[in-house]
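Please view the structure first.

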Amino acid sequence: MNNIIVKQSQTVTATITGTPSANRKYKFDDIPNLSRNNIVLYGIEAFTASQLSKTSDGSDVIAAVDSLGVTVTLKDNQNVEFIYQIPYTDLVRSNNGGFVILLEPKLINLTDCYIQINDALSLADGDKAVFNFYYDLV
Amino acid sequence: MGIISNTEAYMVATGKVRDYTETVANNCETVNIVIPKSGLQKIYLPQNSLLDSKKIRAIEVLTDSQVLRATIPGGTVGDVLESLAISAFDFTFAKDSENISNTPFHCMNRVLNSGKFYFLDSEPGDHRIGDSFINQIAALDAKNFVIVLRFWYD
């Protein structure tokens with residue numbers, strides 16, 4: 001097994017808006033310097049409130065128990081869903097013996113990537129799914 | 001190191017991964033920072049020309065589950081940040097106004113990540129410790145606790 005070496009990293013989020021319900025999808029929030037198909041993603045990590053209690057803008061991070069109802073889909077710059085509905089909890093580093101999930105480096109389209117709710121549990125309007133993207137700039 | 005695919009070979013060649021059994025680094029330096037107030041805040045690290053001129057391999061944050069007290073400027077000691085409070089902080093590694101990485105403390109604590117390090121492999125000149133900072137993002141009172149950052153370098 002390999003450990004990731006961080007070239008660049010940034011926290012990215014997907015915000016739950018309205019009343020969460022099964023099958024609803026929420027796209028990743030726009031980050032201007034990452035959302036121009038200009039990053040090659042090679043690692044991803046997700047956080048629950050156990051790892052990060054708030055986002056940088058003060059929003060609530062989804063709780064560990066609620067993360068069981070969430071999946072993540074990543075799209076590349078060709079709009080291919082190259083990671084399809086991976087469970088959110090699988091991306092939490094401490095659930096994987098401390099290893100960050102490594103990916104074949106790919107150009108991604110940040111704002112087409114999304115989370116999907118399969119079970120709303122106690123998710124609420126305004127909660128955020130929070131990730132760290134490990135990437136190289138193109 | 002076992003190479004099992006071209007992708008993995010590419011990741012190694014471009015410095016994106018390293019085997020977890022490899023030596024971390026030959027030296028380490030500890031930076032202790034006293035949290036100056038309670039609530040939300042941004043704390044810049046003190047300048048450190050030694051680390052600025054070295055290749056930084058990895059960064060760790062230590063909590064009271066590893067060490068109870070740490071030395072602070074002035075020669076006394078203070079209580080180390082509690083493990084329970086770790087989710088309230090993140091760290092941004094930077095140079096000038098460019099943020100190289102932005103990482104929750106939880107990622108940099110080895111106890112919480114099965115002993116794995118948070119590797120950066122940042123070359124001399126690519127980072128500046130005095131431009132790096134800690135953000136407290138949740139409004140708990142951790143005033144006067146000591147944040148212990150350990151930098152592994154070559």
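In what order do the four strands of the open sheet in chain B lie?

## The sheet in chain B

This model is predicted. The order of the open sheet is 3-10-7-8, in chain B. Its four strands pair in antiparallel fashion. Strand 3 (41-44) and strand 8 (98-104) of chain B are the edge strands. Each of them pairs on one side only. From one strand to the next, the twist averages 20°.

## Strands 7 and 8 of chain B

Strand 7 of chain B covers residues 89-95. Six bridges join this strand to strand 8 of chain B, and the two run antiparallel. Within strand 8 of chain B, T103(B) stands opposite F91(B).

## The contact between chains A and B

Chain A brings 28 residues to the contact, and chain B brings 30 residues. On the side of chain A that touches chain B, the elements giving two or more residues are strand 1 (2-4), strand 2 (8-15), strand 4 (39-47) and strand 7 (101-107) of chain A. Strand 2 of chain A gives the most, with four residues.

What is the make-up of this side of chain A, by nonpolar, polar and charged residues? Ten are nonpolar, 14 are polar and four are charged.

## Strand pairing across the chains

Strand 1 of chain A also pairs with a strand of chain B. Its partner is strand 1 of chain B, residues 17-19. Three bridges join the two, which run antiparallel. N3(A) stands opposite R18(B), a residue in strand 1 of chain B.

Technical notes
Residues numbered from 1 in each chain as written. Chains lettered and ligands numbered in written order. Predicted model: local features only at pLDDT ≥ 70, side-chain atom pairs only at ≥ 80, totals over all residues. Pairing = 2+ DSSP bridges. Axes fitted to C-alpha atoms, helices over the stretch in contact; angles between N-to-C directions. Contact = placed C-beta atoms within 7 Å. Nonpolar A, V, L, I, M, F, W, Y, C, P; charged D, E, K, R; others polar.
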